[in-house]
Amino acid sequence: MPPTTSERSAALAPHQGGLDQLQARVDHLAQQLLQARDAAIGAEAELGVARARVAELEQHLHVRTVEVEELQQKVLALTADDDPAPDRPGAVARRLGPLMARTAKRTT
Amino acid sequence: MSTTLWSGDAPIFSVLVPVWHPDPHHLLACVESVRSQTTAEWELCIVADGPQPPEVERLLDLDDDRIRVHRRPVNGGIAAATDDALAMARGEFIALLDNDDTLADEALGTVAWEIAGYDDVDFVFTDEDHLHPTTGERINPFYKPGFSMERLRQQMYLGHLIVCRRTLAVEVGGFRPGFDGSQDHDLALRAIERARRVLHVPKLLYHWRESPTSTALDSGAKDWAYEAGVRVVASHLERTGFPAVASRNRDWPGIIDLEPDLVDHPEISIVVPTGGACRVVAGVEVLLVEQAIRSVAAVSTYPNYEIVVVLDRRSDEGLPARLAAAAGPVPIHFVGDHRPFNFAAACNLGAIRGRGEVLLFLNDDTEIVMPGWMERLVMYATRPDIGAVGAKMLYGDGRIQHAGTWSRYGNPAHRYVGYPADHPGYLAALATAQNCLAVTAACLAVERRKFDQVGGFATMFPLAYNDVDLCLKLSRSGYRTAVDCVTQVVHHESSSRDPSVEDWELDQLLGRWGPILAADPYDNPNHTADGVEEYPPTSTFLVDVRDHFAEADFRARAWPAPHAHLRG
């Protein structure tokens, strides 16, 4: 005959402390497993957010780069208009230098 | 006149128009609205469903090789006529247009543009408004949520304009006779059951003419159509193995009720974290968790469940005995959690100790009032493509506390807070189940295997947002979130703890889910925090329902629906 519930409880009573410790250990491990899975999914999600942000910044940078190039073209065109016999390239660069530096600064 | 402009063998769109004795002026407007499309990528397939009046016949004698007309010798009904039009179609997609309605000029071009953003779109629907029956002015806009399989099962909310890949429409058998009046709902369900992607274009691209015989004006005008709707849904339930019986909702025309018809009753573990708080309810001081458990045991009809109570360090030693007495014959287990309070961790511990295949998280300040509540939640939670399922939560005074969570400007919040319990919601949204961004963990059912798969509740959210995070993790793993607004649970909210939320928890949530929370797929972008934009719109992007709906209706703005989840 299988033992009754009370017989089983009586038989387990001396070991209850150990069983409780074991149960706590199992609970702990199971929770750690859940946390590890959560961390993995959370990390993926955070990576997705970061990638979206990077893509947004890249787009922003691209737009700014195009704007800078357009400004540079305008500056060069204006310089050519003002000075039909332009200086040597080095002199043009010296004159445009501060302006270019300002445009570059705007983009960063 | 030879005006075929598309470059390939066939246009993108075949517009299907079944014709049955329309007002000639309305038919003319209908046809002209197609001819005025900003894209040339269309053909018009008209089927005259039996002999038509002479004025209509004259109009159908069109000199335009983009328009083809087929004349049925006898009237066969709208399903048969539309099916004939489908047989004529050569386009990549079919678009459905009734013979007295009109398309916005940019309708097909806009849909083509949206489809081009993906390579797997099989079904598209757009927002719509009505045309006044006498003046023809635009009225009553319907700004729809994103796609919601759960809502579509109970309501043909997709309406017009709907566009379906032609090969898919043919593959599922086209328009079936016997479903006249709900033939579009029938096609939508059968097509979407197999569709790879359903797209919502939140722009008013279709104008539905109100007439005394159309459901646009009088929802009682087509009772036979609603009866056909029940047959449509019953057919869908049978095809998909959805364990429910369909019937017609007597209060809200066009809504199909679903009554659970469960084949299996998997064991449910009801997990109740508690600190043993007391509160005055209806003038009497009650031990909240005792009231919750007593109501579960007394009211529930579900045959196979256990209760797991997670006792935190605030609870006193006599609590288990009181709760065991309240549970009566229902199996109840107790787990001590002596760590600092962390709701997420307590729920996880209770889930670990439970045996059930389905986990049902229930706050200790809830009260069960509906016998079949667990059956309803299991009906949804055990679907292979649904993750978390929630209920409509009511305050003790009967007002709505929760009907799903949505996100506005990155801030998740309960929808319909403070509305009367019987409020129908925006176009009867609260008479159905529907998909939404998240549901509250105050009453949340989920299959254990799905809960385990995503790592349960994140303990980094000890107080708030753990439920939103769980639902978004499930969503990311391919499971829709649903709220069944028919299931009602009383929630004496935040009786057990401070209801305020911490900024740092919201920051953590945004760190994981910022882009989704900033653009809730179940919301409609035409709406703003204060209502809606301008209506009638000066462009399809601008709208305003404030003059056309009661204050409560436009404030409600109830939209649920899944973006990428498609199969029912």
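Author: Domain bounds here come from an automatic or database domain assignment. For chain B, that assignment gives domain 1 (13–259) and domain 2 (268–523). The centres of domain 1 and domain 2 of chain B, taken over C-alpha atoms, are separated by 39 Å. Their contact takes 15 residues from domain 1 of chain B and 14 residues from domain 2 of chain B. Two residues are in contact if their C-beta atoms, placed from the backbone, lie within 7 Å. On the side of domain 1 of chain B that touches domain 2 of chain B, helix α5 (residues 149–152) gives the most, with 3 residues. Helices are DSSP runs (H or I, at least four residues), numbered from the N terminus. That side of domain 1 of chain B divides into 8 nonpolar, 5 polar and 2 charged residues. Ala, Val, Leu, Ile, Met, Phe, Trp, Tyr, Cys and Pro count as nonpolar; Asp, Glu, Lys and Arg as charged; the others, Gly among them, as polar.

Now the confidence. This is a predicted model: local features need pLDDT of at least 70, side-chain atom pairs count only at pLDDT 80 or more, and totals for chains, interfaces and linings use all residues. Residues are numbered from 1 along each chain as its sequence is written, while chains are lettered from A and ligands numbered from 1 in the order in which they are written. pLDDT is the predictor's confidence in each residue, from 0 to 100. Chain B averages 88, and 88% of its residues score at least 70. Over residues 536–568 of chain B, pLDDT stays under 50.

Technical notes
Helices (H or I, at least four residues) and strands (E, at least two) are DSSP runs, numbered from the N terminus.
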